[in-house]
Structure formats: C-alpha cells, structure tokens
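We will walk through it together, chain by chain and then helix by helix.

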Amino acid sequence: MAIERTGLEWDEFDVRTDELVINMGPQHPSTHGVLRVLLRTDGEVVQQAEPHIGYLHRCAEKIGENVSARQWIPYTDRLDYLAAMNMNLGWALTVEKLLGLEVPEKGRHLRVIMAELNRIASHLVAAGTYGLDLGSFTPFMYCFREREKILNLFEEACGARLTYSYITVGGVMADLPAGWTDRCLAFLDQFEPVVDELHALLTSNAIFVRRAAGIGVLAPELAVSYGCSGPVLRASGVDWDLRRDGDPWYTRMYQGYDWDVIVQVNGRYPHDENYPQVPRAAVLGDCWHRFYVRMLEVVQSMRLVRQGIERYRTAAGSVGQPIKLSQKLPKGEVYLETEAPKGQMGFMVIGDDSAVPVRVRARSSSFCNLSVLSELCRGCLVADVPAILGSLDIVLGEIDR
Amino acid sequence: MAEVNWHTFFFLVAALAACGFAIAVVISGNIVRMAFYLVMSLGAVSGLFFLAGADLIGALQLMIYVGGTLVLLVFGVMLTSGGPFARMKTPRWQWALSIVLAGWLLAILLKTATSVDDWGSASVSRSHVPPEAAPTARAIGLALVGVRVDRLAQQNQDTQAGMAGYLLPFEIVSVHLVVVLVGAAYLARTKRRKQPAQFPQKSSTQSL
Amino acid sequence: MAEWLKGYLDPPWLAYLAAALLQCAVLLAVVMTAVAAFNWMERKIAGRLQDRLGPTRVGGRFGWLQSVADGIKLLTKEDIIPAGADAMLFRLAPYLSFCTAFCVFVAIPFTDKWVALRLNAAVFFILAVAGLEVFGVILGGYSSGSKWSLLGAMREAAQVVSYEVPMALCVVVVVTVAGTMDLVAIGKMQSGWFWDWLVFHDPFTFLTFWIYSTCAVASVNRAPFDLPEAESELVAGFMTEYSGFRWSVFFMAEYGSMLAVSILAAILFFGGWNGPIPLAGLLGLTPQHGPVAGFLGELLGAINTLGKGILGVGVMMWLRWTLPRLRIDQVMTVCLKYCIPLAAAMFVGAALWTYAFPGGLILPARAAPTEPAFPLAAAAHNAGEQ
C-alpha cells in the first residue's frame, strides 16, 4: 500500500488494486478465430489490449511463389474465407491487369453478382456473431439461416459452399446453371423482411444500443492513420469506397450501377427512411455505427445484385475463359486494391516472364483494422472488449495468411 | 422402543452442528474455510430458533447474519487476502490466552443457564409448539407501534410505557447504519492518481 | 399421516420418520420433475424461437426423454477437480446452492392446505433463504482457483445481493396491501374471480409486479442479466471449472430458484391457487361434497399454482433467447438508479392507497385477514368461550 504524507498530520492510505493480466484466447468463444488478446486491467477497466496473431499463418504468400497464378486462386479462398468470392476477384483482377487481359461484359456483371452476394453473406456473419458476442442467440440463427440460402446458390453455381475458387483469371470457371438467376431473385425477395427483423432484434434494441453505442469510438484521423478501411472507416465518417474511388481497372466493373456509398453525410445515412434512426447515445465511429453501416450495406448489395442480374441476362457474349495454366506472366509489378466486405484488400504480383510469379503479396484489411484495437480498448471495461472486437469484424485467415 | 422425542432429537442435531462448526472455525487455518464453517454454525443457530417456534427471528438470523454479514465477511476475506488459500497462523500464547478467556466465559454462561429453575425441567409439552400455534409476527408489529399484547396484564403505567413503541429508535438505528455504510464507502473510495500508471511497453516475452 | 402409518409400522418413531421422509420425497419429486421438464422446455423454446426444432429424437417426436438422457450423460462424465482448487469447498459449493434453492419450497404453499410448513413469516423466510444462494456461487468461484471463475463469482454475488433489495421492497408492497406475511393467507385473500387478484388491486401493485419480475430475473441470473454465465466473455464465469454432475447440480439450483420466484410471483400477485374463474366452487369440488371432491379441488388449485409458475419460467426463457445481455455496470445501474427508487415509490403509493381507499376504489377490496397474535391463547380463549 502506498502511503502518502499529506499536508495534514494523518496518513492517507490508497489501496492499490492489483493489475490483472487476463488472457483472452487463442481458444475463446468470442475472438473471431484463433486470436490471443492480452488484457491488462485495473479491476474492470482495461489499460492495455494487445492482440497476438500468427496462430493461423499458413505461408500462403510463399506458396504463391511456387505455383502459377491460377493455381493460387484456392489459396485466396482461404484468406477471408467468409468472402472468398471477393478474394478470388481481387487476385484475378490483379493478374489480369498485369496481363492486360479484359474480361467480357457478361463476365464482369457475373462477377458483380457474386461479389455482392458474398458481401451480404459476410455481413450476415458479422451481424449474427456480433449479436452472439453480446448475448443474443437468436439473431445469429436467423442470419445463418439466410446465409445458408446464399451458400446454396453458390453451391449450385460452383459446387462449393465456402471456398469457391470460382472467379478466376480471365473470367469465371463456368457459366451459371439454368434458373439460377430466378432463384437468386426469389431469395432477395424473401430476404428483405428479414433485414427488418434483424433491425428490430438488434439495431433498435435498447439493450444492444446500451452495449454498442458510445463504445470504442474511432476518430476519423486515427482510422486513416492506422490504415483502417471498409465499414470501420466509413462508420467514422470518412467517405471512401474503392468501388467508386479505386483503381479504374476495378471501378469499371461497377460503372453504370446505381448504388450509394454508406457513409454519414450531414448527419444522415443514405436511404435510411425505412430503418431505425441513429440513437442519441451513438457517437460517430462507435460500435453501433459500424454495425449499422454493415446493415445498410447489405441493402445496397441487394440493389447491386438485382441490377447485376438484369444486365447479365441482357448482356451478349461469354463470361470469359480462364487462362491456360502455363500462361506466362510478363515482367512487371501490379498492386491492386478492391473493396472486400471487411475493407480494402490489396493484392500484388511481380511477374518475371514465367508462369509462376516472383512475389505474391496480400494486403489484408483485417490486419490494419485489428491494429486499432489497442487504441480503442484503452479505458473501456472488460465486457466491452468482445463488443469492440466484434464490431471490427476481423477474420484471422486474412490477418495471418 | 419408546416414543422418540423428535424435538429433542433435532435440538441435539442443531446444537451439535452449531458447537461443532464453531470449534471448526477456531481450529481451521484456512481463512475462507473458516468463513464457511461460520456460515454453517450460524445456520444451525437459526435452526434452533425455528425449533423454538420463533420463525421470524430464525428467518431474520438467516437473512441478516448468514446472508448479509457473512457474505460481507467472505467478500472481504477473498478480496484482501494476500494470495489464494491464505492460512492464518496463530501463535501459542494467543491460543492459551483465548482458551483461558473463552473458558471463563463458558463457565459463567453454564452456571447462569443451569441456575434458572424454569429452564432446568425438561417438559415435553411446553417445549414443543406446533407451527400453527406459534406466536405470529403480529405481536412484534404491535409492540413496535406501542401495544404490548403479551403483557396486557401489566398494571404499572410507567413500566407499560417503557416496554413498547420501539419504532422510532428502530428507524434511528437503521438510518445510523446507512450513514455508517455511506461513510465507510466514502472513506474507501479510490483516489485519483496524479499520472496514469506506467505499464511496460514490451510484453512479447510475457508468459501466462 | 404419521398416525395412519403407526398402524402398520411397529416402532412409532419409525412411522413418524417414514411420514416425514415421504412428505419430503413428494415435495422433492415435484420440484425435481419440474426442473427436468424445464431443461426440455428451454431447449424446445430456444429451438422454436431460433426457427429450428430442438430435441426431436430421444423419447418420441418431441424429445420428451432428452432431460433423462442429459442427466445420464452428466452422471457418467469424468469427475475433474482442478489441481489448484480447494477440494472440500469445490465439492460443497454446488450442494450449497442446490440446498438453499430447494429449501425455499418448504414454505411455498401449492394450495391453502398443501403446504409443507405453514410459516407465519413465510415471505420473509423465502427472501432470507433465497439470499443464501449467493454462497454457493462465491465459494464455487473462489475454490476453482482460477482468475476467470473468481471474477465471475464476484460479479454474480454483487448482482444477486444488490437485487435482493428491490425484490424485498416489491414484496413488502404486497405485504402492506395484504397485511400479513403468511402466504396461505395472502392466497386466500385473492379467492374468487381474476379481478380479486392483488395485481389488479391498485395501480401501484400492478406496477410493482413489473418491477418485481425484473428484479426476479436479475436475482436468478437469467438473461438479460446473465453476465456471470456469459459464454462469450468469461467462458462460464464461476462455473467454468465445473463439469459433469456438479455442473448439473448448479443448473438444477438455477431452475429451482427460477420456479421458486415464479411461484412466489404467482401467489403474491396472481392469486396462486385461485384460477381466473372460481372453477372449483362452480363445479362443486369442495370438501363439503366429500373427500374426493375436496381432493380434486385442491388438485385444481395446485395445477393453477404450478401452471402460473411454469408460465413465468417460460417467459424468463423467452427473454433469454431474445435479448442481448447487459454489462455488469449497466446491471448495477438498473438496480440502484431505477429499480430501488421505483420500488420505494411504489411502496409509498401502495401504503397511501390502502390508507385512502381501504374498501377499494372500483371493486370492493378484500379486507386483510386479521390473525391472532398468540394462536394458542386465542384458541384456548375460543375453546373456553364455547
């Protein structure tokens, strides 16, 4: 006990509470994957939260130096395994830019459909597991029920439910089966009321608001300086979406589509009339806003899928042809970033006139999003750490590669 | 075999539990186990109250002593002990002194208890009160507001006046208790440090 | 019953012992069956709320025997005690919780004649014993010898102990209106139609019921107040190191206390064994029409009480699977800043109401039963009079 002699003639004893070092993970129900977070707390208040990663490192980038570009597609599946289509897309676009290969129009629209459907699936997992972290078990089930239907659609298209390897360099592996677009539209029609259900169960639930609003506030300057991207960045008020602002080789895919970037402009989100309003306790950049941005992005993705299906049906030509496995990559270096559901996913390829690239690099969005955890957790309570971690929506697969 | 006097049987069980666990409190070295034995001992005492037909007092004993004071005690022991499973070592001379003092007190109590003629005779009919016929809490309530229904035969007005109407002192004592608790909480509040605590930056070699 | 058994068993003390044990066994059987049924009910309700079926294989299409299967599985699990644990306290803690949770049922009347021990201060006894459950939690968390368990135990103890206060205040409101702490008398006061129930007695008692239900959910550690058991945060709080049968004893204690607070709410607010319509009276199932009719009337009353209790437990399960959970400081804020002041205000309001409208405002209110202060003396007096 520290004894301080004050001006008065009696001693003031300050009971020193012990600093408690708590280890969350790597086996823990609410770290999203094998993540270890070292918490130093003073009683209930967290002083420092340090993430330790690397438990899922599988040397994907090194393997990329030993296999050809198309053979590396399955490894991209396993980066952000919840949004494998977007990973495939990022790598395929990078190699296509290096080769100077343009995918025909029909293939581009098909890629939009797949990427946005996978964005919906990924955000459903984020929303469901976030509710689970905070203790509501039922929305998790509802989200996964809807995700099942999306996974069934993907299974029809490419045979896999999680690791698709569908979007490949040069186009897609195969065209859609008959009737797929009708089933997809039917799914979207029945999915719209479920979004309202999720809003009622989570977004506007008083207890959820108390747990998420005002927690883990990320200032926009801090977000930009840490390299955060995706919904984490947009929820802090930074108007940046690569589908609109990125590399032309990527934004060409979304040209002509009518959709909105979900970011708060003048205190309002676009198209939020039908959805719960921002509660008074919520501060821009907190967990509630990150959750809300994802929920609104789901609706925008639905719009994009509908438009994509329309254009796919009316487009002429083929969906593209995968390149030959022995196709040589010219000398050169290309780095291309795409807007994956979790943020900006960048792929770099250095070709050296052979089928196998010299260097492959995946810049993961969750890596930078996770790095801001230690800033956000300072001064919060222990029970808020899963809330903040869940709102960052990380996947260890792409952090550790 | 003759009719077993169940009342005496349960009395013996409860009394043995109370005394036995009390001795265990003194003998045991582990602090939390001591607190637990005290819980069982005071629970047995409340059982004795129930046997005597005083269910309100028995319930009070459970609520205040076991559910209140002892919870506080266990909290205090657990949060302030130096480490888990702390033991208390009592020096020999303290043992000797406490045995002498406690033995003296025990002797006085036993002498007093056995010298009351009323309590000496074990009459079954008087000691066994079926629960339906036990005095209700109404007597206590009425005494609090000024009517001692159990001593209506008391003629002396002064004695009658002093025997009842405890509501005001009761309230004063409760408020006093609240003031004491608030004061204790205030005195034990965490004081703000002048600068935030420094934590080591490098912790990659921390092992847990 | 003891006298009847005396005719069969020779030593009279054996007859007495057998009678006592039989009554204990009946009470225990009722509560244990209810607890096993709640296990099944929880999984079915959880399943249906989550758009799936729940158990459907064990024991027929509805999985009736799932609880039995779970019990057998838990019994056959390996008994693990962590190396750093205090073995004696580790073993004792679940049983402490279990015994206190079940002792509450000793004073709870299922009908006005079916009560194990008719205590004059029944309500007080129930509150006192329910407050002892926290010991099992504290000792369980402490003796597990792990930081996580201790943290969970501290939180849970703080929560349970804090919520006893508003819960007791709500119960005191009903005691003020009823004028007695005897649950049998409170139940008898509400006999008749459903508007005789105490929840409709005055608006303050009506509001008190809602405050009581919040505090009851918090004091049995159910969602949204179940942070100590939060899976996603502290694994299982103080129960982390408990596996197999010891864990199931803790859970039986939890379900038992859920049933206890539900039945208490049923008796205090919703008439207990009196149904919404006085069916027993209308059908003639009263003792005046013979012992069988009397028994059936009592049975109907017991079904009423248990039914209301089970409904209360069902609502608690509904809440658990719908709402997220509150953080511990939010739980304490709700208790200290909302529940206690509201309950105190309800108490003042109810007291003023009974003073201002002793006969009731719209419907005639039952007079509180006047019980003699000394029943022995009163009985002797009455016997002497006649």
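**A walk through the chains**

Of the 208 residues in chain B, 22% are buried, where buried means under 20% relative accessible area, exposed means over 50% and partly exposed lies in between, with a 1.4 Å probe and protein chains only. Before going further, note that this is a predicted model, in which local features need pLDDT of at least 70, side-chain atom pairs count only at pLDDT 80 or more, and totals for chains, interfaces and linings use all residues. Residues are numbered from 1 along each chain as its sequence is written, chains are lettered from A and ligands numbered from 1 in the order in which they are written, and side-chain values use heavy atoms, leaving out hydrogens and water.

Chain B holds 9 helices and 0 strands; helices (H or I, at least four residues) and strands (E, at least two) are DSSP runs numbered from the N terminus. The domain assignment, which is automatic or taken from a database, gives chain B a domain 1 (1-81) and a domain 2 (136-151 + 163-188). The C-alpha centres of these two domains of chain B are 24 Å apart. Chain B has an accessible surface of about 14,800 Å², with 70% belonging to carbon and sulfur atoms; such areas come from the Shrake-Rupley method with a 1.4 Å probe, and for residues only the protein chains shown count as cover. Taking contacts in chain B (heavy atoms within 4.5 Å) between residues at least 6 apart in sequence, 45% join residues at least 24 apart.

Now turn to chain C. Its secondary structure comes to 15 helices and 0 strands, and 52% of its 386 residues are buried. For chain C, 77% of the contacts between residues at least 6 apart in sequence join residues at least 24 apart. Chain C exposes about 16,600 Å², and carbon and sulfur atoms supply 72% of that area.

Where do chains B and C bring helices together? Look at helix α2 (residues 31-51) of chain B and helix α4 (residues 87-103) of chain C. Two packed helices are described by the angle between their axes and the distance between the axes. Here the angle is about 35 degrees and the axes are 12 Å apart; axes are lines fitted to C-alpha atoms, for helices over the stretch in contact, and angles run from 0 to 180 degrees between N-to-C directions. From α2(B) come V32(B), R33(B), F36(B) and Y37(B), which meet M88(C), L89(C), L92(C) and L96(C) of α4(C). By class, this contact has 7 nonpolar, no polar and 1 charged residues, where Ala, Val, Leu, Ile, Met, Phe, Trp, Tyr, Cys and Pro count as nonpolar, Asp, Glu, Lys and Arg as charged, and the others, Gly among them, as polar.

Staying in chain C, why is helix α6 (residues 133-143) largely enclosed by the rest of the structure? The reason is that 11 of its 11 residues are buried, including F135(C), I138(C) and Y142(C). After α6(C) comes G145(C), with a positive phi near 70 degrees.

Just after α15(A), D393(A) takes a positive phi of about 55 degrees.

Finally, find G64(A) in helix α1 (residues 60-64) of chain A. G64(A) counts as buried because its relative accessibility is 0%. Leaving aside residues up to four places away in sequence, G64(A) touches W72(A), V356(A), P357(A) and V360(A). The C-alpha atoms of G64(A) and V349(A) are 9.3 Å apart, although 285 residues separate them along the chain.
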